[in-house]
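Visitor: I'm new to this one. Could you show me how to read it?

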Amino acid sequence: QVQLVESGGGLVQAGGSLRLSCAASGRTFSSYLMGWFRQAPGKEREFVAAINWSTAYTYYADSVKGRFTISRDNAKNTVYLQMNSLKPEDTAIYYCATRRISDNKYTYWGQGTQVTVSA
């Protein structure tokens with residue numbers, strides 16, 4: 001049973017930084033893509049960033065490129081999202097998710113962690 005557990009959310013002022021963590025368990029993820037998504041109140045969930053677990057190749061939404069960095073620690077089976085230069089519009093619940101690289105939709109999701117950026 002795959003489990004994803006996010007942590008690291010909180011309240012931060014605009015311009016500040018936070019690092020989110022996603023601890024993954026239940027299988028080996030060598031052929032998986034690990035992603036971060038977010039959902040703000042009244043809005044649809046949107047893609048933020050993803051990383052190929054094997055190659056460490058990364059993907060970013062244009063809205064976070066240059067400010068957010070996704071990375072992974074193989075030994076800890078953990079994916080991180082370093083968020084710098086945060087803006088109020090980054091306020092959302094952030095979710096970790098994973099899928100096989102060959103699949104076209106994310107299969108497993110975490111419970112989410114709240115990020116609030118004050119102006």
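This is a predicted model: local features need pLDDT of at least 70, side-chain atom pairs count only at pLDDT 80 or more; totals for chains, interfaces and linings use all residues.

Visitor: Why is strand β8 described as largely enclosed?

Guide: Strands are DSSP runs of E, at least two residues, numbered from the N terminus. Buried means under 20% relative accessible area (1.4 Å probe, protein chains only). In β8 (residues 78-83), five of the six residues are buried, so the rest of the structure largely encloses this strand.

Visitor: Which strands pair with β8?

Guide: Two strands pair if DSSP finds at least two bridges between them. Strand β3 (residues 18-25) pairs with β8 in the antiparallel sense over six bridges, and A23 is bridged to T78. Strand β7 (residues 68-73) also pairs antiparallel with β8 over six bridges; there, S71 has Y80 as its partner. β7 and β8 form a hairpin with four residues between them, and N77 in the turn has a positive phi of about 50°.

Visitor: Which residues touch the most other members of the largest nonpolar core?

Guide: Such a core is a set of buried Ala, Val, Leu, Ile, Met, Phe, Trp, Tyr and Cys residues joined through side-chain atoms within 4.5 Å. Here W36, L81, M83 and Y94 do, out of 29 residues. β3 gives the most to this core, with four residues.

Key. Residues are numbered from 1 along each chain as its sequence is written. Side-chain values use heavy atoms; hydrogens and water are left out. Buried means under 20% relative accessible area, exposed over 50%, partly exposed in between (1.4 Å probe, protein chains only).
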